[in-house]
Amino acid sequence: MLGLDGPEEPVDTEGSSGGGAASRLIVNRRRQEGNPVLKYVRNVRYEWGDIGADFECGSTCGVLYLALKYHKLHPNYILTRLSGKDENKYACRILLTLCNVDEPRHTLRELNLLCYRMDWTIVLCYSVEEAAEYIENLKLADNRDPTFKKPVFVPVDEKTALQNAAVGILTGARSVTKADAQRLLFNFGTLKAISEASEEQLALCPGLGPIRAKNLYNYLRTPFTS
């Protein structure tokens, strides 16, 4: 996918700094040649390759790049990519999203829900320079000594953090409040159980009622694109 962020210029096919072939970032020529992000990839070498992802930052990390301007023009594109067999061969799957439109909140909410459903991680950036920095850091992390033990961040209250994330998803449905979301989680136990419940089962949740149950049921089953 070509970027829609400004004039596109030819890019060097091997970046600008050293490293053997095994340590290089692999870039999908067919989809990314001419992407202005590549002008700012300066701290790792890269080469073109026939890969499923747009950027392969190691054998286990694949990155898809999406500019929201492009997404507005081609809304079906990203669903096809996220569900592709070659794109899903990586253990770490990242959707690097460039926010280059006004008022992106609604679009980002849809993308976030889609990534949650399809087991992708969405990462936001606000310039092509920032996008390049993310790609570089992912590749540099892959090149580190595997014996290096980096500290693991453990949230103070992981259960609360997960619950807040689930509440954020549920309140995306029309008229569903934070209190409704908390009651749903208390009654059903998990977000997965809520998403698999019937409309009638949702309506039995205290305080939700048939209208909000219908809104939530439809929200959790609304196709990403029409």
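This is a predicted model: local features need pLDDT of at least 70, side-chain atom pairs count only at pLDDT 80 or more; totals for chains, interfaces and linings use all residues.
# A tour of the chain, stop by stop

Leaving aside neighbours within four places in sequence, arginine 93 is in contact with Gly62, Glu87, Asn88, Met118, Asp119, Trp120 and Thr121.

## Stop 1: arginine 93

Zoom in on arginine 93. It sits in strand β5, which covers residues 92–98. Is arginine 93 buried or exposed? Its relative accessibility is 13%, and buried means under 20%, so arginine 93 counts as buried.

Now show the side chain of arginine 93. Which side chain does it meet in a polar contact? The partner is the side chain of asparagine 88, at 3.3 Å. Next, show the backbone of tyrosine 90. The side chain of arginine 93 reaches the backbone oxygen of tyrosine 90 at 2.6 Å.

## Stop 2: arginine 81

Move to another arginine. Arginine 81 lies in helix α3, residues 77–82. Its relative accessibility is 2%, so arginine 81 counts as buried.

What touches arginine 81? Select Arg31, Gly52, Ala53, Asp54, Leu64 and Glu87, which are its contacts once neighbours within four places in sequence are left aside.

## Stop 3

Select helix α4, residues 105–118, and helix α10, residues 209–221. Colour them separately. Their axes come within 11 Å. At what angle do they cross? The answer is roughly 70°. Angles of 65 to 115 degrees count as roughly perpendicular, so α4 and α10 are roughly perpendicular to each other.

Now show the side chains where the two helices meet. From α4, pick Arg109, Leu113 and Arg117. From α10, pick Tyr219, Leu220 and Arg221. Sorted by class, this contact has three nonpolar residues, three charged residues and no polar ones.

## Stop 4: glutamate 103

Go to the loop between β5 and α4. Glutamate 103 is there. Its relative accessibility is 68%, so glutamate 103 counts as exposed. Check the backbone too. Phi of glutamate 103 is near 50°, a positive value in a residue other than glycine.

## Stop 5: serine 127

Select serine 127. Its loop runs between β6 (121–125) and α5 (128–142). With a relative accessibility of 25%, serine 127 counts as partly exposed.

How far apart are serine 127 and alanine 67 in space? The distance is 9.9 Å, while the two are 60 residues apart in sequence.

## Stop 6: the loop between α6 and α7

This stop has two residues. Start with serine 175, placed in the loop between α6 and α7. Phi of serine 175 is near 70°, a positive value in a residue other than glycine. Serine 175 has a relative accessibility of 38% and counts as partly exposed.

Then select threonine 177. It is in the loop between α6 (158–170) and α7 (178–188). At 36% relative accessibility, threonine 177 also counts as partly exposed. Which residues does threonine 177 contact, leaving aside neighbours within four places in sequence? They are Thr171 and Arg212.

Draw one more line, from threonine 177 to leucine 208. Their C-alpha atoms are separated by 9.3 Å. Along the chain, the two residues are 31 apart.

## Stop 7: glutamate 200

Select helix α9, residues 199–203, and find glutamate 200 in it. Is glutamate 200 buried or exposed? Its relative accessible area is 56%, so glutamate 200 is exposed.

The C-alpha atoms of glutamate 200 and proline 210 are 7.7 Å apart in space. In sequence, these residues are 10 apart.

## Last stop: the whole chain

Zoom out and show the whole chain as a cartoon. How many helices and strands are there? The chain has 10 helices and six strands.

Switch to a surface view. The accessible surface of the chain comes to about 12,800 Å². Carbon and sulfur atoms account for 53% of that surface. Of the 226 residues, 42% count as buried; arginine 81 and arginine 93 are among the buried ones.

Finish with contacts along the chain. Take those between residues at least 6 apart in sequence. Of these, 68% join residues at least 24 apart.

Methods:
Residues are numbered from 1 along each chain as its sequence is written. Side-chain values use heavy atoms; hydrogens and water are left out. Axes are lines fitted to C-alpha atoms, for helices over the stretch in contact, and angles run from 0 to 180 degrees between N-to-C directions. Helices (H or I, at least four residues) and strands (E, at least two) are DSSP runs, numbered from the N terminus. Angles under 35 degrees count as roughly parallel, over 145 as roughly antiparallel, 65 to 115 as roughly perpendicular and the rest as oblique. Contact means heavy atoms within 4.5 Å. Ala, Val, Leu, Ile, Met, Phe, Trp, Tyr, Cys and Pro count as nonpolar, Asp, Glu, Lys and Arg as charged, and the others, Gly among them, as polar. Buried means under 20% relative accessible area, exposed over 50%, partly exposed in between (1.4 Å probe, protein chains only). A polar contact is a pair of N or O atoms within 3.5 Å; within protein, one must be able to donate a hydrogen and the other to accept it, and residues adjacent in sequence count only if both atoms are side-chain atoms. Accessible areas come from the Shrake-Rupley method with a 1.4 Å probe; for residues, only the protein chains shown count as cover.
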